[in-house]
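Me: I would like to learn how to read features off a fold. Can we work through one together?

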Amino acid sequence: MRVAMGTPQMWGGTLLGCCLETQVPLLVYEFVTNGTLYEHIHTKSRHASSITWENRLRIATETAGVLSLLHSDANRPIIHRDIKSNNILLDENFTAKVSDFGSSRLFPTDQKQVATFFQGTLGYLDPEYLYTNQLTEKSDVYSFGVLLVELLTGEEALSYDRPPKEISLAMYFVSSLKEGRLLEIVDEQVLKEGKAETLKEFAIVAKGCLEVKGDERPTMMDVATELQGLRMVEKHPWVTESNDAEEAQSLLGELSNASGGDGSSSISASYTS
């Protein structure tokens, strides 16, 4: 077998080489030892204490950075189309590596949307894309919003253990905000470890990503910048080392109350979409 070796960095990990002697060329990537984000969030019997709030926030920030790079810095924008916790690989240091670009789409530089039959995973699919078949970079933003809620709550993107109207995690999160129940769905470990203001802002970012209309969602660059800022705040000396669960509950309660009433939120991040 002839293998062409190289060292370019790929979004799902380091590209080690390729095999050209098969009918379909094969790419050889590094073996990512720590499995998928899905396993660490949802298979608690195996990884009960591995996915700390610090790790969750870092994984969210790293993933947002990759997607921002794909959308904004590539020669031609690339839409991933299948962002989900199963496609976020973690190495031994819990560094996030975005994988599975089988559904990805190169974007013409002179267009903001492309008509294409929808692809992706139920629970993460942008409803606007699903109904119109118009793919935009904001479709990835919606899927990433579901991923953020997954990190915040520890809940799966689709679960038939929830009431019919809340099978979708996105709907579950939004309805919990409207009804003042956000505290009930935040993961206990997250509530215990996360700083109150950070959790509130993280929830606001997630809500912005899940806006039904794509034009009202932030860009991935906006999201990446916001999450990077939250990481810096958490690490800064002026942030107390002790976690105040009561303060977190109070601030998240305020966010829920502000999102009640007619279903529209009066709290939103300051994004330029």
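**Reading the features**

Reply: His40 lies in helix 1 (residues 37-42). Helices here are DSSP runs of H or I of at least four residues, strands are E runs of at least two, and both are numbered from the N terminus. This is a predicted model, where local features need pLDDT of at least 70, side-chain atom pairs count only at pLDDT 80 or more, and totals for chains, interfaces and linings use all residues. Residues are numbered from 1 along each chain as its sequence is written, and side-chain values use heavy atoms, with hydrogens and water left out.

Me: Is His40 buried or exposed?

Reply: Start with the cut-offs. Buried means under 20% relative accessible area, exposed means over 50%, and partly exposed is in between (1.4 Å probe, protein chains only). His40 has 1% relative accessibility, so it counts as buried.

Me: Which backbone oxygen lies 2.6 Å from a polar atom of the His40 side chain?

Reply: That of Asn34. The general idea is the polar contact: a pair of N or O atoms within 3.5 Å. Within protein, one must be able to donate a hydrogen and the other to accept it, and residues adjacent in sequence count only if both atoms are side-chain atoms. Another case pairs two side chains: Asp222 and Thr219 are joined by a polar contact of 2.9 Å.

Me: Where does Asp222 lie?

Reply: In helix 9 (residues 220-235). Asp222 also shows how sequence and space can be read together. Asp222 and Gly65 are 157 residues apart in sequence, and their C-alpha atoms are 9.9 Å apart.

Me: How many helices and strands does the protein have?

Reply: It has 10 helices and 10 strands. Of its 273 residues, 51% count as buried. Contact means heavy atoms within 4.5 Å. Among contacts in the protein with a separation of 6 or more, 64% are between residues 24 or more positions apart.

Me: What is the angle between helix 4 and helix 5?

Reply: First, the axes. They are lines fitted to C-alpha atoms, for helices over the stretch in contact, and angles run from 0 to 180 degrees between N-to-C directions. The axes of helix 4 (residues 137-153) and helix 5 (residues 169-178) cross at roughly 65° and come within 9 Å. Therefore helix 4 is roughly perpendicular to helix 5. The classes are: under 35 degrees roughly parallel, over 145 roughly antiparallel, 65 to 115 roughly perpendicular, the rest oblique.

Me: Which residues meet there?

Reply: Helix 4 brings Tyr142, Val146, Val149, Glu150, Leu152 and Thr153. Helix 5 brings Leu169, Ala170 and Phe173. The residues of this contact between helix 4 and helix 5 divide into seven nonpolar, one polar and one charged. Ala, Val, Leu, Ile, Met, Phe, Trp, Tyr, Cys and Pro count as nonpolar, Asp, Glu, Lys and Arg as charged, and the others, Gly among them, as polar.

Me: What can be said of helix 2 and helix 8?

Reply: Helix 2 (residues 53-73) and helix 8 (residues 196-209) pack at about 35°, with axes 13 Å apart. Trp53, Leu57 and Ala60 in helix 2 meet Thr198, Leu199 and Phe202 in helix 8. The contact of helix 2 with helix 8 has five nonpolar residues, one polar and no charged.
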